[in-house]
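Please read them with the structure open.

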Amino acid sequence: MALEVRSLTKEYIRGRVAFQAVNNVSFVVQPGDFVNIIGRSGSGKSTLVNMIACLLTPTKGSIEIDGLNIVSLKDKEASAYRNSKIGYISQGQSTLASLNVLDNVRVPFHLSKREGTSKEAAFSLLEQTGISHLAAAFPKHLSGGELKRVAIARALINHPDYVIADEPTSDLDVQTTAEIMELLKNIAETGTAVMMITHDMEALGYGSRTFVMDAGILTECAGNRVYISHKRG
Amino acid sequence: MESKPLTTRRLSVYNLRSNPFRTASLVFVVLLLAFATFGGSLLSQSLKNGLGSLKERLGADLAVVPLDHEADYEGIILSGQPEKFYFDQSIEQQIEQVEGVSKVSSQFFISTLAAACCSVPVQVIGFDPDTDFVIQPWIAKVYHEEIGDGQIIAGSDIVLNDTGTLKFFDDTYKVAAQLERTSTGMDYSVYANMNTIKMLVAGAREAGMNLSVDVYGTDVDRSVSTVLVKIEKGYDADTVTTNIRRQISGISIVKSQNVFASTANNMDVLLAFINTITLVLWLLAILVLAVMFSAMTNGRKKELALLRSVGAARGKICGIVLTESLLISILGGTLGTVAASLIIFPFSTYTREKLGLPYLLPNVAVTLRLLGMSLLLSFASGPFAATYSAVKGSKAEAYISIREGE
C-alpha cells in the first residue's frame, strides 16, 4: 500500500511574516521502504512527518493512501487512521508514566474497538524487542534504550503499514543505537514502511532511501550509499 | 499479569493512582464542597423545620401571663427552661368576656426537681381537657384516648425508664404516650390534666418540697400560670390585646406572632449566613478545582499528546480528563457527605442547644433528597471545573506538546 505525498505545504506566520516550514513536497513511499530524512534543525523534517501522521494539518497539498486523501479526514477518522495505519515513535522519552511497560505497549490497541485481547501480542513484541523481562516495570525504572524499545513495541502493536520514527537514536549510545536500528530494519523487512528522521550518520546505513530536507524543500538523494560516502568524505 | 482492556476509566484510575498526593488534594477540595453543601442544606432545612414546628405548636394567638413573665413564658416555649409563675384563676373568666376573644384555656406550670425524688427535672404543663385547644390536637396524633388521672404525656426528649413510668416527688406516673419531636421547649416538657397536677402538688407538699404555688394562697384550684387565647374571626391580636389590658391589670400578654416573628428574624440572619458561607465555599471550591485541573492538564500536556500520537481522538482525551475529574468528585462527594452526616446527626441535640433556635432535623425522605442533591452537585463539580482544561488539553497540537515536554 503506497503512500503518495503531493505538493504538501505547511505555512506558518512568524511575527507578521509567512514562512513555509514544508514547501511543495512530493514523494512516494512503498511498502518495505526504509526512508531516512535528514536535514538541519528547523528545516521542516518533523513538520513533514507529523502531517503524514495526521498530527498537523497541511496548508495545502495531499497525502494519499490507496486513493484516500487523509488530509481531509476529521479528527475522529484521522485518529482512527493514525491508530491503525501509523506506528509513531516520537522524540525522547515517550512512555506514559502511570502505566507499566506491558500496558504502555497495549494502549494503542485499546484506543479503537478491536476484537480479542492485547496481552499476548504486547508480550510477544516485548520479546522481539528484548525487554519482556521488564513487562511489569514502570518507565521511571528504565534506561533510555529500554524506553525506546517500549516505544518501538508500542508502535507495532496494531500492525501498522507505516512506522514514523522521529530521531529514535538521539540520546542513545553507539551499541544501543545499533540494536534499535536493527529492530527498525527488521520491521521494514516485514513489509512495513519506515520513515525515520535522524541526525545520526551511523544510522543512515540501515535505510534504503535518503531524503534531505532543507528550508522546507525535500530532495531525494540519488543513492543512499553515495550520500553517506559524501557526508563521511 | 493483568490483561483487562485499557478503557478510559482504567486509564484514568491508573493516572490518579500514580499521583496520590495530587489526587488526595483534589478529593479533599471536593470533600469540603460536599460537606458544605450537604451540611449547609441540612442545617438550613432543620432550622426551617424548627420554625414551622414552632408555628404549628404555638396554637393560641395570645398567652396571658402574670406581669413581667413574658420572657419566662417564651423560655418555656422555645427552650423548655423550667419556670413557675401564677395568678388568680378568675382571670380566665374575665378574659373570656373580653370583646374579640373566641376561646380561652388555662395552663398550670410546675417544675420537678433534679433530686432523687424525681426521674428528671422538667417543666410539667397542666391543662384543662374540657377547654384546651392547643395541646390535645397535638397529643391526638400519638394518643387517641382521653388522658386519665395519674397519666402523663412526655415530650420527645424525655428519657423514659424501662417500665414506661416517671417518678415525680416520690410518686410514680404512667406515661401514656410520647410526643413527636417539635424542636421547641415542648420536647423537654411533660403534659398532664389538672387532676394529675393536683396529685403532683400534693405529693410535693407531702415530700416537703416548696413548689412556690403560694402566690394566691396555697390552693392550686385558684391558681393558673397562663391563659391561652384564641381570637375571634375579624379581630386582630393588637385590638384584642388592648381590649384585655383595658379590663384586666397586673398581667402581661405574649403575642404568638411576635414570638414567631422574633425567632424567624433571628433565624433569617442565621440562614442568610449559612447560605452565604455555603455559596462562597462552593464557588471557592469550583475555582480551586478549575485552577488545579488546569495546572494538572498543563503538566500532562506531553502525556496527552503521546496518547494523541498513538491514535486517541480529541473526544478520548476529553473523556480521560473528565473521567478523572468525575472519579475524584465521586470519591470526594461521598466522603464529604459522610463527614457531614457524622457531624450533623449525632450532634443535633448539641447543635440545637447552641443555636438557641427551634431546630428539627428533616424526615428521611427530605434528608435523602438533600443528600441526592448534594451528591449530584458534588459529582458535577469536578467535570464542571475540568471542562475547560479537558477541551484545552484535547485541542493542543500534539506534535508541539511532545516537543515542549522534552
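**Notes on the predicted model**

1. Interface. In contact across the two chains are 33 residues of chain A and 25 residues of chain B. On the chain A side, three helices each supply at least two residues: H1 (45–52), H2 (75–85) and H3 (101–106). H2(A) gives the largest share, six residues. By class, this side of chain A has 14 nonpolar, twelve polar and seven charged residues. Keep in mind that this is a predicted model.

2. Chain A overall. Chain A holds eight helices and ten strands. The C-alpha trace spans about 50 × 45 × 35 Å along the principal axes. Of the 233 residues, 46% count as buried. Take the contacts in chain A between residues at least 6 apart in sequence: 69% of them join residues at least 24 apart.

3. Helix H2 of chain A. Which residues of H2(A) are buried? They are A:Ala78, A:Ser79, A:Arg82 and A:Asn83. Seen down the helix axis, these buried residues fall within an arc of 135°, so they line one face of H2(A). The buried residues of H2(A) pack against strand S6 (86–89) of chain A. H2(A) is also the helix with the largest share of the side that touches chain B.

4. Helix H6 of chain A: length. H6(A) runs over residues 174–189. Its 16 residues, at 1.5 Å each, should span 22 Å, and the end C-alpha atoms are 22 Å apart, which agrees. After the helix comes A:Gly191, with a positive phi near 105°.

5. Helix H6 of chain A: faces. The buried residues are A:Thr177, A:Ile180, A:Met181, A:Leu184, A:Ile187 and A:Ala188. They cover an arc of only 110° around the axis, so they sit on the same side of H6(A). Exposed on the other side are A:Gln175, A:Glu182 and A:Glu189. What do the buried residues of H6(A) pack against? The partners in chain A are strand S3 (34–39), helix H5 (144–156), strand S7 (162–166), strand S8 (193–197) and helix H7 (201–204).

6. Chain B overall. Chain B has 13 helices and eleven strands. Its radius of gyration is 31 Å, well over the 22 Å that the globule rule gives for 406 residues, so chain B is more spread out than a compact globule. Its C-alpha atoms fill a box of roughly 100 × 50 × 30 Å along the principal axes. Of the 406 residues, 45% count as buried. Among contacts in chain B between residues at least 6 apart in sequence, 83% join residues at least 24 apart.

7. An unreviewed UniProt entry gives "transmembrane region" for residues 21–43, 269–296, 317–350 and 370–391 of chain B. In the model, residues 269–296 are 100% helix and 0% strand, with end C-alpha atoms 40 Å apart. Residues 317–350 are 91% helix and 0% strand, and here the end C-alpha atoms are 49 Å apart.

8. B:Val321. This residue lies in helix H10 (residues 314–344) of chain B. Is B:Val321 buried or exposed? B:Val321 counts as buried because 26 C-beta neighbours lie inside 10 Å. Leaving out residues up to four places away in sequence, B:Val321 touches B:Thr297, B:Ala386, B:Ser389, B:Ala390 and B:Gly393. B:Ser12 is 309 residues apart from B:Val321 in sequence, yet their C-alpha atoms are 7.4 Å apart.

9. B:Lys255. This residue belongs to strand S11 (residues 251–255) of chain B. B:Lys255 is partly exposed, with 19 other C-beta atoms within 10 Å. Apart from residues up to four places away in sequence, B:Lys255 touches B:Leu62, B:Ala237 and B:Thr241. B:Lys255 and B:Pro383 are 128 residues apart along the chain, and their C-alpha atoms are separated by 52 Å.

Notes: Residues numbered from 1 in each chain as written. Chains lettered and ligands numbered in written order. Predicted model: local features only at pLDDT ≥ 70, side-chain atom pairs only at ≥ 80, totals over all residues. Helix = DSSP H or I, 4+ residues; strand = E, 2+ residues; numbered from the N terminus. Rg over C-alpha atoms; globule rule 2.2 N^0.38 Å. Buried ≥ 20, exposed ≤ 12 C-beta atoms within 10 Å, placed from the backbone. Contact = placed C-beta atoms within 7 Å. Nonpolar A, V, L, I, M, F, W, Y, C, P; charged D, E, K, R; others polar. Expected span 1.5 Å × (residues − 1). Arc of directions from axis to C-beta. UniProt positions renumbered as here; feature names shortened; annotations may be inferred.
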